[in-house]
Amino acid sequence: MGNRILLLIMICLAGLKVSAMDKEFTITQIFKPERYQRGDTNVSRLQDIDDAHWIWHPTAIAVGDVGKCAFLRFKREFTTNETPLRFDVSADERFILLIDGEPVSFGPHRGMVENWLYQSYEAKLTPGKHVMEAVVWVMGPHAPSAQLSWRGGFILKAEGTYHEQLTTGVADWGVAELKNVTMRKEGMRHNFGVGSQCEVRGCSLIEEQPAASEYVKPVSVRGPIVFNVCGIRAKGWMLFPTPLPDQTYDRVRPGMFRAARATFDRGVLYKEEDGRHPLIKDLNALLKEGRPVTIPANTILCALLDLDDYYCAYPELDVSGGKGSEVRWMWVESPKDENKHKGNRNEFVGKSCSGICDRFFPDGRKDATLGIPWWRAGRWCQFEIKTTQEPLTLKGISIIESRYPTPVTSHFKCDDTSLDGVQRVCIRGMLMDTHENMCDGPHYEQQTYIGDTYVQNSTLAAMYSDDRLVRRAISLFDYDRRDNGMLPMNFPTIGTQESATYTMIWPMLLENYMMWHENADWLKTRLPGLSHTMFGLAEFENEDGLLENLPGWSFIDWVLSPKSWFAGIPPNGQPGHGVNSQSNSSATAPSR
């Protein structure tokens with residue numbers, strides 16, 4: 001597959017035409033009616049996918065034990081006629097679905113166990129034999145913090161004549177373990193929650209093909225949902241059709257190599273002469289023209305790539321030979337000077353790089369594509385290459401940009417032309433923060449906070465009319481409501497962070513939605529949660545009508561001075577210590 005990996009994933013309402021194994025097919029994401037409430041989910045059969053089994057490898061890790069992961073490949077041959085193939089699919093934690101060796105879907109769209117999403121598609125294939133595969137993994141403590149999980153599992157429900165051939169628990173699927181990707185224990189959930197750094201040997205998950213003898217029969221880890229007259233819910237995933245379009249997966253080769261040197265010691269600052277290294281020209285020809293570059297045996301090279309803009313993307317490296325080599329691909333928002341300041345992000349002289357770094361280990365095969373299971377973010381990439389006894393040929397460097405797919409439909413014009421550049425930066429920033437969930441920062445956390453979401457939702461409402469991601473963010477906070485009406489500070493996330501001040505922002509999200517959009521049916525389902533929150537906050541109202549002794553982190557803003565502010569909390573705002581809005585006793589009363 002090599003250079004075709006992910007390039008062909010352009011699933012949208014218009015459909016995608018794929019050419020594979022001398023066959024052509026189109027695949028289209030379809031959207032089933034949204035369900036805004038849980039109702040009898042997992043109590044009775046509500047949807048087609050409830051008829052399928054969740055399956056898993058009989059001996060692979062299933063619940064993310066500390067330091068352990070599982071990467072699996074499910075495989076099933078099937079035969080098509082003129083009838084289009086329609087199916088629903090999901091997995092825990094993540095999946096890549098392939099038809100005839102070509103990736104056609106990434107998922108599932110993020111959520112929580114009590115609101116687990118599945119995606120639906122229609123594929124039109126040429127009549128004859130085909131192969132469907134799913135690469136599925138569970139990373140447990142190595143996963144990004146916003147990636148929740150119950151246990152490893154894969155589920156697929158096919159319609160009509162394809163039910164017997166493809167529906168999990170009914171069809172004769174095989175499953176094998178994949179061994180090329182491992183996660184580094186050092187820096188688990190690096191940078192506050194973007195997931196552990198990867199080590200990839202030989203080739204990527206998509207390319208790794210176990211021998212036929214390694215495939216075994218999967219086991220059912222949960223059967224179909226059947227009606228329970230006593231109202232007892234089946235344990236685990238509560239499935240809902242996704243309201244979201246699939247993320248973009250656009251192959252791009254932006255920017256240019258700006259520097260290179262024969263060392264990659266992390267603390268060494270780049271010098272001006274590094275920008276004149278003779279290999280820079282060859283590396284840029286590799287990037288832009290696909291012209292191979294061979295790194296000789298027993299060589300150390302460090303090269304700095306400026307993407308010329310901010311990207312959230314899957315890194316992909318095509319190589320040949322180089323057995324025993326190591327390539328480290330690091331992402332940073334900006335190189336930093338000796339005082340750890342970013343300064344002008346266009347500059348690299350007098351700066352060094354330190355950040356998230358995935359490691360690739362070529363095994364000498366003629367052609368291989370190396371990639372990782374999750375995307376990275378930043379503007380600069382540092383490549384650290386070390387060869388041993390065999391030269392390594394770099395055949396391609398690319399990134400596959402991933403984000404929420406809706407294009408900007410609004411426009412802003414002003415006679416102050418300096419705002420054009422500001423507008424471009426702001427729009428790019430918003431695009432980089434919108435994925436399967438809102439991100440407070442794609443490089444550092446990739447988590448959805450209520451405070452950030454309020455600003456993001458307001459901005460998105462002005463940028464375009466698509467309200468699906470906005471509603472998804474508001475709903476997820478509602479689904480994780482506490483028994484006292486309080487909401488999590490950020491969600492989805494593996495931890496629990498409480499904040500009454502952020503809880504007070506959630507009603508503002510609903511008001512903001514009402515002012516910009518008009519989905520009254522969805523809004524009505526949020527009203528019980530709104531009442532619960534308001535009554536919960538009223539429990540802390542004192543005789544002056546102010547909220548006192550609020551629970552959790554009463555965060556307002558990061559104030560460095562005066563020192564009476566602590567950890568973003570105003571004076572007397574600590575839990576159990578007074579009223580948030582109370583003024584500092586040493587301050588002068590305002591004049592009337």
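Visitor: How many nonpolar, polar and charged residues are in the lining of the largest pocket?
Guide: A pocket is an open set of points on a 1 Å grid over the protein atoms alone, where a 1.4 Å probe fits and protein lies on both sides within 12 Å along at least five of seven lines; lining residues have an atom within 4 Å of a point. Ala, Val, Leu, Ile, Met, Phe, Trp, Tyr, Cys and Pro count as nonpolar, Asp, Glu, Lys and Arg as charged, and the others, Gly among them, as polar. Sorted like that, the lining of the largest pocket has four nonpolar, two polar and eight charged residues.

Visitor: This is a predicted model, so what pLDDT do side-chain atom pairs need to count?
Guide: First, some housekeeping: residues are numbered from 1 along each chain as its sequence is written, and side-chain values use heavy atoms, with hydrogens and water left out. In this predicted model, totals for chains, interfaces and linings use all residues, local features need pLDDT of at least 70, and side-chain atom pairs count only at pLDDT 80 or more.

Visitor: Which residues are the closest to the centre of the largest pocket?
Guide: The largest pocket holds about 340 Å³ of space, a volume being the space filled by probe spheres set on grid points joined across faces, edges and corners. It is lined by 14 residues, and the closest to its centre are Asp309, Tyr310, Arg345, Arg379 and Val425.

Visitor: Which element supplies the largest share of that lining?
Guide: Helices (H or I, at least four residues) and strands (E, at least two) are DSSP runs, numbered from the N terminus. In the largest pocket, β19 (300-321) and α3 (418-432) each supply at least two lining residues. The largest share is five residues, and they come from α3.

Visitor: Where do Asp309 and Arg428 sit, and how many residues apart are they?
Guide: Their side chains meet in a salt bridge at 3.9 Å, N to O; the term means a side-chain nitrogen of Lys or Arg within 4 Å of a carboxyl oxygen of Asp or Glu. The pair links distant parts of the chain, with Asp309 in strand β19 and Arg428 in helix α3, which puts them at a separation of 119 residues.

Visitor: Is Arg428 buried or exposed?
Guide: Buried means under 20% relative accessible area, exposed over 50%, and partly exposed in between (1.4 Å probe, protein chains only). Arg428 has 14% relative accessibility, so it counts as buried.

Visitor: Which residues are the closest to the centre of the second largest pocket?
Guide: About 270 Å³ of space lies in the second largest pocket. Its lining is made of 13 residues, and the closest to the centre are Tyr36, Arg38, Asp478, Tyr479 and Arg526.

Visitor: Which helix gives the most to the lining of that second largest pocket?
Guide: By class, this lining divides into four nonpolar, four polar and five charged residues. Two helices, α5 (468-479) and α8 (520-538), each supply at least two residues. The one that gives the most, with four residues, is α8.

Visitor: What covers the buried residues of α7?
Guide: In helix α7 (residues 506-516), the buried residues are Trp506, Pro507, Leu509, Leu510, Asn512 and Tyr513. Contact means heavy atoms within 4.5 Å. The cover includes α4 (450-463), α5, α6 and α8.

Visitor: What is omega for the peptide bond that joins Phe491 and Pro492?
Guide: Pro492 lies in the loop between α5 and α6 (500-503). The bond is cis, and its omega is about 0°.

Visitor: What relative accessible area does Asn42 have?
Guide: Asn42 is found in the loop between β2 (23-30) and β3 (54-56). It isn't a glycine, yet its phi is positive, near 70°. Asn42 counts as buried because its relative accessible area is 3%.

Visitor: Which residue meets the side chain of Lys32 in a polar contact of 3.0 Å?
Guide: Lys32 lies in the loop between β2 and β3. Leaving out residues up to four places away in sequence, it touches Asp48, Asp88, Tyr118, Ser120, Glu159 and Pro241. A polar contact is a pair of N or O atoms within 3.5 Å; within protein, one must be able to donate a hydrogen and the other to accept it, and residues adjacent in sequence count only if both atoms are side-chain atoms. The side chain that Lys32 joins at 3.0 Å belongs to Asp88.

Visitor: Which residues are linked with Lys32 in a network of salt bridges?
Guide: The structure holds 34 salt bridges. Linked in a network with Lys32 are Arg45, Asp48, Asp51, Arg86, Asp88, Glu122 and Glu159.
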